[in-house]
Amino acid sequence: MSTKNKLLRWLFRLHGITGLVTGVFLILLGLSGSALVFMEELDQYTNRQLFHVQETRSKMSLDRIYHQITAKYPRLSGIAWLNPQAASDEAYNYRLYLNDGKIHTYDLAVLTIDPYTGHIIREGRYDQWQAGFMQWLFQFHFSFHFGMPGTLLTAVLGITMLISILTGILIYRKQVWKVLCFKKSIRWHNKRMLSSDLHRIVGVWSLIFNAVIFFTGFWLNLFAFDAHTWHAKRQVNPPNLTDVLSIDSLYAKASRTLPRLKAHSVYIPTQPGRGFAIRGNLPEDNPFFGKAASGISLNVKSGTIERIQMSDKLSFPEKCRALVLPLHAGNFGGLPIRVLYVFIGLTPGLLSITGFLLYLKKLASKHRH
């Protein structure tokens with residue numbers, strides 16, 4: 001056997017192993033990822049009555065809501081206000097960052113509150129059904145509800161999928177151009193060749209998107225390889241900060257400093273070392289940077305401006321990092337891009353199924369001979 005044939009056989013084996021080992025996980029990640037492209041819309045749709053509140057004379061101050069949350073959760077890692085652009089009849093939605101000192105839990109919680117009365121409408125950890133199905137799915141997507149080990153697993157799966165993609169390119173390199181030029185069609189009536197045709201054609205057309213999605217997914221979970229993060233997860237949070245400025249005054253100052261910023265999220269720190277931050281978009285921002293291209297960060301104790309971020313002034317490495325989440329989530333474009341991401345998210349599962357069928361076919365062929 002020639003060296004070239006030996007190499008192709010080895011590549012085929014590696015391609016098959018990585019695909020088979022990760023197959024079930026890829027189906028789950030693909031299905032959950034496709035749904036999460038429309039996470040906000042689906043959460044709103046499935047909780048229409050929950051999000052609607054009765055308008056009264058005036059809303060509570062951000063300070064009152066902040067103190068209500070921190071009194072109920074005295075050891076938070078931080079608070080994110082997810083809908084600062086909420087309509088006047090819409091509830092406020094908060095994500096709470098917890099830490100119970102256990103590495104097998106990933107501690108996110110949701111708290112939806114009526115801004116007029118302070119009544120808590122929805123509350124629960126992301127791994128609990130009362131938090132909402134989309135929240136449950138969000139945490140499942142990046143950790144399989146198994147904390148830091150689950151987050152590490154999803155990062156490793158990103159690597160194995162990239163290996164599978166690269167080996168697939170080398171194995172089917174002669175077919176790639178034929179597929180792109182529409183010279184290769186699916187033989188729907190040939191049951192023996194159907195799985196092979198689907199595997200090649202779907203694999204080629206989804207090649208670039210899957211490479212981007214799985215690389216960015218790996219990058220987003222890169223912190224799972226950091227020993228310091230594992231150590232921090234084992235430590236229960238100390239009590240929340242108490243010597244912070246008015247949240248309303250911090251929000252007002254940030255808004256005055258960047259008046260054209262359309263806020264998408266507001267981060268309120270509860271532990272030392274983090275700043276009060278508003279992230280969103282300026283009119284001139286490149287849509288490829290997603291919904292958090294620009295922002296401003298203030299010192300939560302002194303109110304001084306720590307950083308103003310504008311996407312057009314970022315360094316090249318910073319721009320690359322800013323592109324990671326939008327490219328992974330598909331939130332850099334309009335409806336057509338997001339719909340495309342839904343379908344692309346389904347292709348890893350389809351490739352796993354057709355790849356498994358090819359593996360079974362190969363086994364059956366060996367037994368016949």
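Trainee: Does Glu41 count as buried, partly exposed or exposed, and at what relative accessibility?
Mentor: This is a predicted model, in which local features need pLDDT of at least 70, side-chain atom pairs count only at pLDDT 80 or more, and totals for chains, interfaces and linings use all residues. Residues are numbered from 1 along each chain as its sequence is written, and side-chain values use heavy atoms, with hydrogens and water left out. Buried means under 20% relative accessible area, exposed over 50%, and partly exposed in between (1.4 Å probe, protein chains only). Glu41 therefore counts as partly exposed, at 35%.

Trainee: With which residue does Glu41 form a salt bridge?
Mentor: A salt bridge is a side-chain nitrogen of Lys or Arg within 4 Å of a carboxyl oxygen of Asp or Glu. The closest N and O atoms of the pair are 2.9 Å apart, and the partner of Glu41 is Arg338.

Trainee: How many residues apart are Glu41 and Arg338?
Mentor: Glu41 is in helix α2 (residues 39-46) and Arg338 in helix α13 (residues 335-368). Helices here are DSSP runs of H or I with at least four residues, numbered from the N terminus. The pair links distant parts of the chain, 297 residues apart.

Trainee: Does Lys233 count as buried or exposed, and at what relative accessibility?
Mentor: Lys233 forms a salt bridge with Asp107, with the closest N and O atoms 3.1 Å apart. Asp107 counts as buried at 2% relative accessibility. Lys233 also counts as buried, at 10%.

Key
Helix = DSSP H or I, 4+ residues; strand = E, 2+ residues; numbered from the N terminus.
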